[in-house]
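Dear colleague,

I am handing over the structure we spoke about, and below it I have set out what was found. Please read the notes with the model open beside them.

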Amino acid sequence: MQKFQLYLFDFDGTLFDTLPSSKYVFKKAYENMGYQVNEDDILGFTREPIPDSYKRLGFPKERYHDFIEDINKYVNSIESVNLTDIYDDTYDTIIDLRMSEADLGIVTSNHATHVRDVLRKFDMQKDFFKEIVGNKEAPIPKPNPGPILKALEMFNYQGDKKDVCYVGDSLNDCIAATKAGITPILLDRDNEYPDAEYLRIRSLNELLD
């Protein structure tokens, strides 16, 4: 596979298994809205921008700010961090990429504070990712390219965009990368997108091939 100067990564479902954490966060936040979340709903919530799912479920606009405050409260809780696990291929891949002198960053719709707490849990808070773009740094979520463009700005990246990739586990990640002018790489661990017209990998280890 092509080697890149700058690797940007999605967080949830890409570097870390956050589905148990997401179940906790969405269940608690939606319960506060009077909505009982089904287990089957959770994966859809993680693949859809929060404003879209909130609107789709018909909740009032005037309560949206309170809902987001609840989301951030539960995301940044110790319970959420404890429910997050690391994928088997994450640590070694990230170490090898850093040893190759590539720059690494995280671009996520999650909260950057939570990301740093999880990295600290797995002793990855230092010398791994130079920049983290979360929902505070770039409020308009993917598939808008804004979060990726914000990352390039934070890196002060002046090189050719063909030397930058974004690795994510959803089509929205790939759409955002394409709109930002960089290479999208779809991490499809469970073969959900066999017909996707993107560079597709089944494991992060394939970035090293």
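Against which strands do the buried residues of H6 pack? This is a predicted model, and in it the buried residues of H6 pack against strand E1 (6–9), strand E3 (85–86) and strand E4 (103–107). The residues concerned, in a helix that runs over residues 90–99, are Thr-90, Thr-93, Ile-94 and Leu-97. Because they cover an arc of only 95° around the axis, they lie on the same side of H6. An α-helix has 3.6 residues a turn, so residues three or four places apart point the same way. On the face of H6 turned away from that buried side one finds the exposed residues Asp-92 and Met-99, and just after the helix Glu-101 takes a positive phi of about 70°.

Turning to the sheet, 6 strands form an open arrangement in the order E5-E4-E1-E6-E7-E8, with parallel pairing. Strand E5 (131–133) and strand E8 (199–201) stand at the edges with a single partner strand each, so one side of each is left without a neighbour in the sheet. The twist from one strand to the next averages 25°. Within the sheet, E1 and E4 pair in the parallel sense over 4 bridges, and Leu-6 stands opposite Asp-103 in E4.

As for the helices on the sheet, H6 packs on it by touching E1 and E4, and its direction makes about 135° with that of E4. Helix H8 (residues 146–155) also packs on the sheet, touching E1, E4, E5 and strand E6 (164–168), and the direction of H8 makes about 155° with that of E5.

Conventions:
Residues numbered from 1 in each chain as written. Predicted model: local features only at pLDDT ≥ 70, side-chain atom pairs only at ≥ 80, totals over all residues. Heavy atoms only, no water. Buried < 20%, exposed > 50% of the residue type's maximum accessible area, 1.4 Å probe, protein only. Helix = DSSP H or I, 4+ residues; strand = E, 2+ residues; numbered from the N terminus. Arc of directions from axis to C-beta. Contact = heavy atoms within 4.5 Å. Pairing = 2+ DSSP bridges. Axes fitted to C-alpha atoms, helices over the stretch in contact; angles between N-to-C directions.
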